[in-house]
Amino acid sequence: MSKTVSSVPGDKTICLPIADSVDYEKLVKDRKAFRKYLDQQIQQHGELFPAEIEAGYCFHGFRTSAKLGLVSRRIRLIANGQAYQLRPDFVMPYMIGKTEAVEKGLYLRSFGVPYEAIAYVMGKDSMYWYRASLALGRPSIVGTTVKDGEAIPPHLLSDEKHTWWMGSVSM
């Protein structure tokens with residue numbers, strides 16, 4: 001039996017676009033409907049999925065968020081055996097909350113509003129908002145799908161990390 005080694009570092013989560021007209025709760029429970037919807041998304045947004053998905057996939061169970069109680073599906077790629085979680089796009093990474101609910105608090109944070117004030121206005125506690133703002137930095141910018149390069153602010157195009165190589169600073 002051969003052991004498959006992960007060749008892709010990082011998160012094994014695929015953010016699945018869910019249209020407003022789709023009832024996600026019903027879709028995730030219906031295996032055939034979910035496969036049909038997923039196949040459509042792979043055709044429309046192939047850049048969101050690993051290249052190996054062209055060889056096919058199979059369903060690999062469910063994952064239920066303890067915080068939200070939301071069920072998401074997992075798939076396993078036939079080509080390399082790697083499993084991915086399919087997170088709906090209306091949920092924040094690590095399923096800390098729904099994007100619609102977190103968006104307003106994080107908007108206030110962009111103006112330097114303290115976490116305690118956000119918690120007072122939006123609910124939850126200050127640590128929740130602190131963790132929500134940190135969660136935005138977790139996804140890899142390098143691995144992020146960019147459909148329109150012109151929409152990216154220019155200061156994000158360079159890596160500010162310095163490293164030493166052969167006695168000199170490299171960027």
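This is a predicted model: local features need pLDDT of at least 70, side-chain atom pairs count only at pLDDT 80 or more; totals for chains, interfaces and linings use all residues.

## Rings, charges and surface

The charged end of Arg109 sits over the ring of Tyr115, 4.2 Å from the ring centre.

Start with the overall layout. The chain holds five helices and six strands. Read from the N terminus, its elements run β-α-α-β-β-β-α-α-α-β-β. The chain has 171 residues, and 29% of them count as buried.

Now the ring pairs. A pair of aromatic rings is described by the distance of the centres and the angle of the planes. The count here comes to six aromatic pairs. One of them joins Tyr24 and Phe90. Their ring centres are 5.5 Å apart and their planes stand at 80°, so the pair is edge-to-face; the angle needed for that label is over 60 degrees. This pair links distant parts of the chain, 66 residues apart. Tyr24 belongs to helix H1, residues 24–29. Phe90 lies in the loop between strand E4 (83–88) and helix H3 (99–109).

Phe90 has 23%, so Phe90 counts as partly exposed. The cut-off for buried is under 20%.

Return to Tyr115, the ring under Arg109. Tyr115 also forms an aromatic pair with Tyr130. That pair is edge-to-face, with 5.5 Å from centre to centre and 90° between the planes. Tyr115 lies in helix H4 and Tyr130 in helix H5 (residues 126–135), so the pair ties together parts that are 15 residues apart in sequence. Tyr115 is buried, because its relative accessible area is 17%. Tyr130 is partly exposed, at 35%.

Ring pairs also build a cluster. Phe34, Tyr57 and Phe59 are its members.

Next come the cysteines. A disulfide is a covalent bond between the sulfur atoms of two cysteines. How many disulfides does a search of the whole structure find? The search finds zero. Cys15 is partly exposed, with a relative accessible area of 30%. Cys58 is also partly exposed, at 29%.

Val121 has a relative accessible area of 56%, so Val121 is exposed; exposed means over 50%. Which residues make a nonpolar surface patch with Val121? Tyr120 and Met122 do, and the patch has an area of about 370 Å².

End with an exposed loop residue. Ile78 is placed in the loop between strand E3 (71–77) and E4. Ile78 has 55% relative accessibility, so Ile78 counts as exposed. What separates Ile78 from Glu52 in sequence and in space? They are 26 residues apart in sequence and 7.9 Å apart in space, C-alpha to C-alpha.

Conventions:
Residues are numbered from 1 along each chain as its sequence is written. Side-chain values use heavy atoms; hydrogens and water are left out. Patches are made of residues with over 30% relative accessible area and no salt bridge: like charges are joined within 9 Å, nonpolar side chains (Val, Leu, Ile, Met, Phe, Trp, Tyr) within 5 Å. Accessible areas come from the Shrake-Rupley method with a 1.4 Å probe; for residues, only the protein chains shown count as cover. A salt bridge is a side-chain nitrogen of Lys or Arg within 4 Å of a carboxyl oxygen of Asp or Glu. Buried means under 20% relative accessible area, exposed over 50%, partly exposed in between (1.4 Å probe, protein chains only). A disulfide is a pair of cysteine sulfur atoms within 2.5 Å. Rings of Phe, Tyr and Trp (its six-membered ring) pair if their centres lie within 6.5 Å; planes under 30 degrees apart count as stacked, over 60 as edge-to-face and the rest as tilted. Helices (H or I, at least four residues) and strands (E, at least two) are DSSP runs, numbered from the N terminus. A charge sits over a ring if NZ of Lys or CZ of Arg is within 6 Å of the ring centre and within 35 degrees of the ring normal.
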